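Hello,

Here is the structure I promised to pass on. Please take a look, then read my notes below.

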Amino acid sequence: MKEYVSQQHQILRPVEQIFMAISNFENLTPALKDRVEEWQATERTCSFKAKGFTVRLLMDEKVENKHIKIIGDQGGVPIDFAFWIQLHKVSDCDTRMRLVLHVELNMMMKMMIGGKLQKGLDQVAEQLANAMNGIVPQGMPADFKF
């Protein structure tokens with residue numbers, strides 16, 4: 001498995017508040033319901049359509065205020081992967097976050113999309129940190145908040 005690690009980002013909020021927001025897929029509904037097709041979410045699972053196929057995700061592991069591990073659920077993703085959101089408390093209102101993706105790719109796929117995966121992971125980490133810091137990501141509704 002190949003590992004991709006995002007840059008670390010500072011979020012000026014308590015780790016407990018961040019964990020509570022990101023440890024429930026239902027909290028993403030306001031941001032995603034109009035941006036993806038057929039968005040459905042429960043606390044631990046979500047599904048949506050992307051490029052014509054259904055993606056199903058599961059929060060497989062949660063360690064309070066430390067990390068969340070997300071995997072494909074019920075054959076909902078055609079590749080083997082695990083995605084972590086890692087949190088580190090620096091002080092009461094200073095949390096560091098990074099994203100880690102472990103994905104099984106053959107050599108050709110690594111060469112074709114490896115750089116794009118890294119760039120995408122960095123962008124997602126930055127947008128998530130900005131949203132947590134109260135900066136509304138471009139293209140999101142002005143009232144979007146975590």
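Predicted model: local features only at pLDDT ≥ 70, side-chain atom pairs only at ≥ 80, totals over all residues.

Let me start with one hairpin. Strand 3 and strand 4 form it, with 3 residues between them. Strand 3 covers residues 37-41 and strand 4 covers residues 45-50. The two run antiparallel, joined by 3 bridges.

Now the whole chain. It holds 3 helices and 8 strands. Read from the N terminus, the order is β-β-α-α-β-β-β-β-β-β-α. The radius of gyration is 15 Å, close to the 15 Å that the globule rule gives for 146 residues, so the chain is as compact as a globular protein of that length. Along the principal axes, the C-alpha trace spans about 45 × 30 × 30 Å.

On contacts and burial: take the contacts between residues at least 6 apart in sequence. Of these, 46% join residues at least 24 apart. Buried residues account for 36% of the 146 residues.

Next, the surface. The accessible area of the chain is about 8,900 Å². Carbon and sulfur atoms contribute 51% of that.

Best wishes

Notes
Residues numbered from 1 in each chain as written. Heavy atoms only, no water. Pairing = 2+ DSSP bridges. Helix = DSSP H or I, 4+ residues; strand = E, 2+ residues; numbered from the N terminus. Rg over C-alpha atoms; globule rule 2.2 N^0.38 Å. Buried < 20%, exposed > 50% of the residue type's maximum accessible area, 1.4 Å probe, protein only. Contact = heavy atoms within 4.5 Å. Areas by Shrake-Rupley, 256 points an atom, 1.4 Å probe, with all protein chains shown as cover.
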